[in-house]
Every structure is written in C-alpha cells, then in structure tokens.
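Hi there,

Here is the structure I promised to pass on to you. Have a look at it first, and then read on for what turned up in it.

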Amino acid sequence: PNNERALQIRLLEEEIAELERTIRKKCADLDSAPNPIIRRRFEGMIQRLEQELDFKRQQLELYEQE
C-alpha cells in the first residue's frame with residue numbers, strides 16, 4: 001500500500017509539472033496570438049488546464065494527508 005501511494009504521489013507530481021509547463025507555453029502562445037479569435041481559444045485552453053491543475057493539486061494534497 002505504501003509503495004502504491006508513493007507511486008500515485010510521484011505520478012501526480014509529474015502530471016502537475018507537465019501541466020505547469022503546458023500552461024506556461026500556452027500563455028506565451030496567447031501573448032503572441034495574432035487575432036482575438038485565436039486569443040480566446042488560447043484563453044479557454046489555459047482556463048481548462050488551470051482547472052485540471054487545481055484538481056491534480058487537490059488530489060496530491062489528499063494523498064499526502066493519508
């Protein structure tokens with residue numbers, strides 16, 4: 001059980017790091033977006049990624065409290 005929990009925590013940490021990298025890249029894309037339609041698309045993508053990031057962080061917190 002402890003090894004499984006440690007593995008879950010490590011996987012979540014990797015997913016969180018990947019989401020953070022993706023969000024930074026999309027923010028850079030947003031800054032260079034040529035028109036409002038593309039900007040809105042990036043804004044929506046960033047918002048969904050941030051929601052997923054928040055969810056993963058909450059999951060990680062729960063695993064660490066167990």
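To get started: in which helix is K56 found? K56 is found in helix α2. Please keep in mind as you read that this is a predicted model.

Let's stay with K56 for a moment. Is K56 buried or exposed? K56 counts as buried because its relative accessible area is 15%, and the cut-off for buried is under 20%. The side chain of K56 also makes a polar contact of 2.6 Å with the side chain of E15. Leaving aside residues up to four places away in sequence, K56 touches L12, E15, I16 and L19.

Now for helix α2 itself, which covers residues 36-65. With 30 residues at 1.5 Å a residue, α2 should span 44 Å, and its end C-alpha atoms are 43 Å apart, so the two values agree. At the N-terminal end, α2 is capped by N35, which has a side-chain oxygen 3.1 Å from the backbone nitrogen of I37. Along with K56, the buried residues of α2 include F42, I46, L49, L53 and L60. Part of what covers them is α1, residues 2-31.

The other helix passes the length check too: α1 has 30 residues and should span 44 Å, and the 43 Å between its end C-alpha atoms agrees with that. Among the buried residues of α1 are I9, L12, I16, L19, I23 and L30, together with K26 and D29. What do the buried residues of α1 pack against? They pack against α2.

Enjoy exploring it!

Notes
Residues numbered from 1 in each chain as written. Predicted model: local features only at pLDDT ≥ 70, side-chain atom pairs only at ≥ 80, totals over all residues. Heavy atoms only, no water. Helix = DSSP H or I, 4+ residues; strand = E, 2+ residues; numbered from the N terminus. Expected span 1.5 Å × (residues − 1). Buried < 20%, exposed > 50% of the residue type's maximum accessible area, 1.4 Å probe, protein only. Contact = heavy atoms within 4.5 Å. Polar contact = N/O pair within 3.5 Å; in protein donor to acceptor, adjacent residues only side chain to side chain.
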